[in-house]
Amino acid sequence: MEATGTDEVDKLKTKFISAWNNMKYSWVLKTKTYFSRNSPVLLLGKCYHFKYEDENKLLPARSGCTIEDHIIAGNVEEFRKDFTSRIWLTYREEFPQIEGSTLTTDCGWGCTLRTGQMLLAQGLILHFLGRAWTWPDALNIENSDFESWTSNTVKKFTASFEASLSEERELKTPTISLKETIGRYSDDHEMRNEIYHRKIISWFGDSPLALFGLHQLIEYGKKSGKKAGDWYGPAVVAHILRKAVEEARHPDLQGITIYVAQDCTVYSSDVIDKQCASMASDHADDKAVIILVPVRLGGERTNTDYLDFVKGILSLEYCVGIIGGKPKQSYYFAGFQDDSLIYMDPHYCQSFVDVSIKDFPLETFHCPSPKKMSFRKMDPSCTIGFYCRNVQDFKRASEEITKNLVLICCITRSSVSQQRIRVSMKTPLSGAGFG
């Protein structure tokens, strides 16, 4: 009887914590974000100016946005569609128990893993779909900025707790399905894009079988001394992502690899060696590479001298974002306006979605509400990501980074004539993890 009583108490405690997490982490989308119509907005290498509604009208030079082939001028709806099309990974609850623990949620500790997933997902989007791709249903997602977050959060908490007590809680998920979307596509190319869109999301599912899901990332993190429930730093996550991609045996992923910089240094010969490794095998083409550069932008606080450096990075077509945040909270930085960074926030607790089913819903994997944060609040510890489709792309990216960030990046040659691109930082690479 005592054991049974203890079990009931533990169950009640677990359900209460689950309901509490629902309330604590459901406010993220309920706060408004304001954008200026007088300043350009940069999002992963694309430029938008809200003052100009005509998408074919180029921005004047005084706008502060350089117009190049890969940059477009767009209006509000185009920016919203582009932002919402990025894959959003957040806290989840009620997923299969993580091996070696009793955890069925990552609320409160998994945010850096989630932002790492978002960066990798963007790299895979570029690899399979290209930067011009947007999700056709992006503008159909309800924008929560116009809701009253207070009343909705309370309702969600109450309903969640009552359902938990009665053990009748249902997973309420949106209903945009494969059948509904594929049926609207007019050609094979659009259908292929939607298939890859779903496939990429499925690789990040919250189950032990998902290639880049939380369960697998935690397994790879054990070699770095991390376990489920720990806080993870951006540098550790970079190495976890590298290992996850290296170990992936899916045939679609054999053409991509990850390189992690050491001491803020990217060695060109090492990157090219990784890209050309497949040429000796059955693959005739060189591999695409995602380059991850863990850096520290100051001491205890971010040095504001690095503001232009971060802006320059996010303006590049090769950039796949930054794993960063503010102290104790990790965000996925994808753009900026003026001196504010634009980000997606993983601190939003959503229910588990089974991505193994054919028609799993897509809406909870796309964020309708961009957020902004002052650069001054940014934690100095972060990891920067780049994507290069092939060796030639990598060489062009090296030249572009050097050209655009000449005050921060410098090119040197080692004693063995090995060219390297070095991001010079005044402080050593270190930093605490995030929650």
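**Ser330.** I looked up the side chain of Ser330 and found a polar contact of 2.8 Å to the side chain of Thr115. A polar contact here is a pair of N or O atoms within 3.5 Å; within protein, one must be able to donate a hydrogen and the other to accept it, and residues adjacent in sequence count only if both atoms are side-chain atoms. The side chain of Ser330 also reaches the backbone oxygen of Gly324, at 3.0 Å. Ser330 sits in strand β8 (residues 329-337). I noted its relative accessible area as 0%, so Ser330 is buried. Buried means under 20% relative accessible area, exposed over 50%, partly exposed in between (1.4 Å probe, protein chains only).

**Ground rules.** The model is predicted: local features need pLDDT of at least 70, side-chain atom pairs count only at pLDDT 80 or more, and totals for chains, interfaces and linings use all residues. Residues are numbered from 1 along each chain as its sequence is written, and side-chain values use heavy atoms, with hydrogens and water left out. Helices (H or I, at least four residues) and strands (E, at least two) are DSSP runs, numbered from the N terminus.

**Cys107.** I found Cys107 in the loop between β3 (92-93) and α3. Cys107 counts as buried because its relative accessibility is 11%. I then checked its C-alpha atom against that of Gln350: they are separated by 9.6 Å, yet lie 243 residues apart along the chain.

**α3 against α7.** I took helix α3 (residues 111-128) and helix α7 (residues 214-221) as a pair; they pack at about 110°, axes 11 Å apart. That makes α3 roughly perpendicular to α7, a label for angles of 65 to 115 degrees. Axes are lines fitted to C-alpha atoms, for helices over the stretch in contact, and angles run from 0 to 180 degrees between N-to-C directions. Leu113, Arg114 and Gln117 of α3 meet Leu214, Leu217 and Ile218 of α7. Contact means heavy atoms within 4.5 Å.

**Core.** The largest nonpolar core has 105 residues, and Leu124, Phe212 and Ile291 touch the most other members. Such a core is a set of buried Ala, Val, Leu, Ile, Met, Phe, Trp, Tyr and Cys residues joined through side-chain atoms within 4.5 Å. Its largest share, nine residues, comes from α3. I listed partners of Leu124, leaving out residues up to four places away in sequence; among them are Trp203, Phe204 and Phe212.

**α2.** Last, I checked helix α2 (residues 76-85), where Phe79, Asp82, Phe83, Thr84 and Ser85 are buried. Their cover includes β1 (41-43), β2 (46-48) and β9 (340-344).

Note on methods
Angles under 35 degrees count as roughly parallel, over 145 as roughly antiparallel, 65 to 115 as roughly perpendicular and the rest as oblique.
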